[in-house]
Amino acid sequence: MSLASMDFTLTIYTVTSRSISARWSKYVGAHSYKLSAASNTATGQPVFVHFNNRFVLGTVTNLLPATQYNVRVEVLDSSGNVLAEAQTQHQTAPDIPSNIKAYSKTSNSITVNWSAVPKATGYVLKAKAGNSITKIIVNDSSGTLTGLQPHTSYIISVQSLNPGGNSQPSLPVETRTVLDAPVIHSSSPNFHTIMVSLEPVPQAVRYSFIIIRSDAVGNKIKKTTTSTNATFADLNPGTWYTIKAYALDANGISGDDKMKEQVTRPFAPQAVRVVLTSDSMSKSLGVVVTWNASEGSTDYLAVPIEKSRNVAQNCTSKSTSCVISPIQCGIQYNVTVVAFNEAGPSDPANPTEFTSVPCSPHDIKVQEMHPGNLTVSWSQSSLTDYYTAFVKRDDGLEVTCNTTLKRCYFQSECGFTYFISVFSYNKAGQSPPGNVLNYTTVPCCPTQVKTLFVSSDTIEVKWDSVRGAEMYETKAQDVGSVVFCNDTSTICTLSGLKCNTHYNVTIYSYSDIRGFNNSCQRKSITTGPCSPRILNITKMNPTTVNISWQQNNIDAMYNVTVFGKDEIKSCNSSGCSCEITHLPCGSTFSVSAVATTPEGRSLPSYSIPLETAPCCPNSFTVIQITQSITNVSWTAATGAQSYTTLLESPKGQAKCHTGENHCLLGCITCSTNYTVSLLAISKTGMVSECSYQGYSSSGCCPSAVKLYRLGSNALRVYWHASASVNYVVNVTSDNANFTCSPTTNVTYCDINEIYCGDLYTVVVSPISTDGSIVTFCPMKMYSVSCSMNSGAMVIYRGKRSLEVPRI
């Protein structure tokens, strides 16, 4: 049966060089415990210790250092029987170090040496002062504790160690750290002295100072004193020295030492020289200062001092020259140089006098009192012998003026920019560049002004571009108004002007810098004539009109034109009216007038319609249809829409109004002379009165026409006549046709050789003055009997009228 139990455990608690302490778990029913340690080698004897059941921690001693042991704990009952056990392997620590020696070389460290311990893999080194403990682990048999307090006693102990644990501390050794190193302050008040001061060190009673050149040339100088200050004189200028200092305690033990490098101040530079220079890129004025090198110097400072004792701009250098820039112009300087190193500045070098160039003139002004003449003036500049003014034009032309005065005069031209600079001169040279003054003259005036177009309300002008002009303003001015035109172009159209008006047209050139050139010459231009306004058209006769208009132009010739469909007529006049003749009848026209002056033609006036009276018909015919009806006809008349015909006599008149080319007139009186007229009327109501040759109506048809038989073969036709008219008698039958014409005032006519028993038609017609026979008198029919005697009437069979033709 195995005695190992998972409920019973063993762990190592502590280990020393000759003991091992172990801890085990409590076992129920245990009477006692047996702790034993047996070496794995034959050299060691097993060691064991019994503990009652109240203990769970125990130690076995008298072990060998740095030896591997099998550690076991057994649980025993009251009879000594083993109830359970547990074991583990562990090594004892190395042996305790011996021969401990300790000493302090610095104020914050102690160095410790001891004899090496067999099988030790390392050592724990401790230093204790009061509650302060400093510990380090080292691999060798010596070590240095650092971070300690100066001049303080420490208890030193050493422990050896291996993987098994640490040995007991060695026998203690007491050691004191040395005094702290003093803090050194040094300075060089001049080129041959170094002053050293130390901050006091606690528990120090004396101090030692040692100085030697850092390059080891020369002798070492040592001073030991109770003071914390020391001065070393008669040293070399600009030379580095090494200073070493330490404190001593009451036992004369030296503390930490401290070293510091200190350089003496350099000697004053020699042979200072000053030369004027200028920087063309920055246009600044300066001087180059040179000197001989001063031993031990790292930097130099050149300082110009004005005669007024003001310190001006200085310069620094690591070489033997530097440039002071910018320096003030127009000032006299004393220039000195100081050498520097870490100790400080040297004494100033002997000053060198230097006179600066004069300042550039200020308050430069440009005045152009008169066009073409520039006056450049400026303020006085001190230390100046003379001035030079430079005037450069923007096209490259440059002129200069040398003077001892404060002004110069130059010629100028329009449209150029002039760059003006003024320099002062003395023996030192030219002043630095001052401000460059820009002056731009007014732009040139246009000269070649051409009139491209002139109308009643518009003027278009053109000119050549001129120098300096960025824009042009064209101004047209009359007595009461001004019209402007602004443009960058060299052409301008002025519109909305008054007609027939004199304008002063001026073209002003403009630039943003100078504005307008107000000296430009004006040009007089007269606008075209105003359009006439026709006032009245008066008809002088049917073919002539008089046209009048408002005469609204000066020295104008007026042309009036009458435009018809097929014809154009015109008249000219310098007055206010003219006549148009030989206008055709029955036509419509448009009348307008145009005024012409040397400046051009006006726009036509508003057109006014003109209508001539209708033409009269070319032919007019009057035909009598019946004794009281007349047919009047005519040819169409140009321009007529209707007609009124009128036949008048003392006995009355006949009138007809028609839109046709003919009409029937009733109520005509026979055997009457009529005056004939016709009114041709246009559609607007214009009337032409047309007169024609008079018309005589035909004679009256006779009344009481009767037929008497004169014999067996003769007849007499008888009638009553109302006027002295010639008549013609026509008697016709189926077998015969008889005609007779009695003389005037005879009212009968005899017909011979008739046949009895025939039916005769009898017509008595008056004969017109032109010889024509009226055809509209009524016909009567008679039957001639063969049995009747002569002188008897024939039998009246009736009558019939002639048919009136329809018109």
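In the predicted model, the link of C401 and C408 is left-handed, with -75° about the S-S bond. The sulfur atoms of this disulfide lie 2.0 Å apart. C401 is buried at a relative accessible area of 16%, and C408 likewise counts as buried, at 1%. The structure holds 13 disulfides, among them the pair C670 and C700, with an S to S distance of 1.6 Å. The link of C670 and C700 is right-handed, with 80° about the S-S bond. Because C670 lies in the loop between β59 and β60 (673–681) and C700 in the loop between β61 (687–696) and β62 (703–711), this pair ties together parts that are 30 residues apart in sequence. Both cysteines of the C670 and C700 pair are buried.

A further disulfide is formed by C740 and C749, whose sulfur atoms are 1.3 Å apart; C740 and C749 are each buried. C576, by contrast, takes part in no disulfide, and the nearest cysteine sulfur, that of C578, is 10 Å away. C576 counts as partly exposed, at 38% relative accessibility, whereas C656 counts as buried, at 13%.

Among the sheets, an open one is formed by 3 strands in the order β8-β9-β12, with antiparallel pairing. Strands β8 (101–106) and β12 (142–146) stand at the edges with a single partner strand each, so one side of each is left without a neighbour in the sheet. From one strand to the next, the twist averages 25°. The antiparallel pairing of β9 (residues 109–113) with β12 extends over 5 bridges, and I110 stands opposite L145 in β12.

Strand β59 (residues 662–665) has a covered face made up of C663 and L665, while H662 and L664 make up the uncovered one. Strand β59 runs antiparallel to β56 (residues 630–634), to which 4 bridges join it. The bridge partner of V632 in β59 is C663, a residue of the covered face.

Two further strands carry residues with accessible surface. F453, located in strand β39 (residues 450–454), is partly exposed with a relative accessible area of 41%. Together with L452 and I491, F453 forms a nonpolar surface patch of about 250 Å² of accessible area. E353 has its place in strand β30 (residues 352–355) and counts as exposed, at 60% relative accessibility. The C-alpha atoms of E353 and E306 are separated by 9.6 Å, although the two residues are 47 residues apart along the chain.

How values were computed: Residues are numbered from 1 along each chain as its sequence is written. This is a predicted model: local features need pLDDT of at least 70, side-chain atom pairs count only at pLDDT 80 or more; totals for chains, interfaces and linings use all residues. Side-chain values use heavy atoms; hydrogens and water are left out. Two strands pair if DSSP finds at least two bridges between them. Helices (H or I, at least four residues) and strands (E, at least two) are DSSP runs, numbered from the N terminus. Axes are lines fitted to C-alpha atoms, for helices over the stretch in contact, and angles run from 0 to 180 degrees between N-to-C directions. Buried means under 20% relative accessible area, exposed over 50%, partly exposed in between (1.4 Å probe, protein chains only). Patches are made of residues with over 30% relative accessible area and no salt bridge: like charges are joined within 9 Å, nonpolar side chains (Val, Leu, Ile, Met, Phe, Trp, Tyr) within 5 Å. Accessible areas come from the Shrake-Rupley method with a 1.4 Å probe; for residues, only the protein chains shown count as cover. A salt bridge is a side-chain nitrogen of Lys or Arg within 4 Å of a carboxyl oxygen of Asp or Glu. A disulfide is a pair of cysteine sulfur atoms within 2.5 Å.
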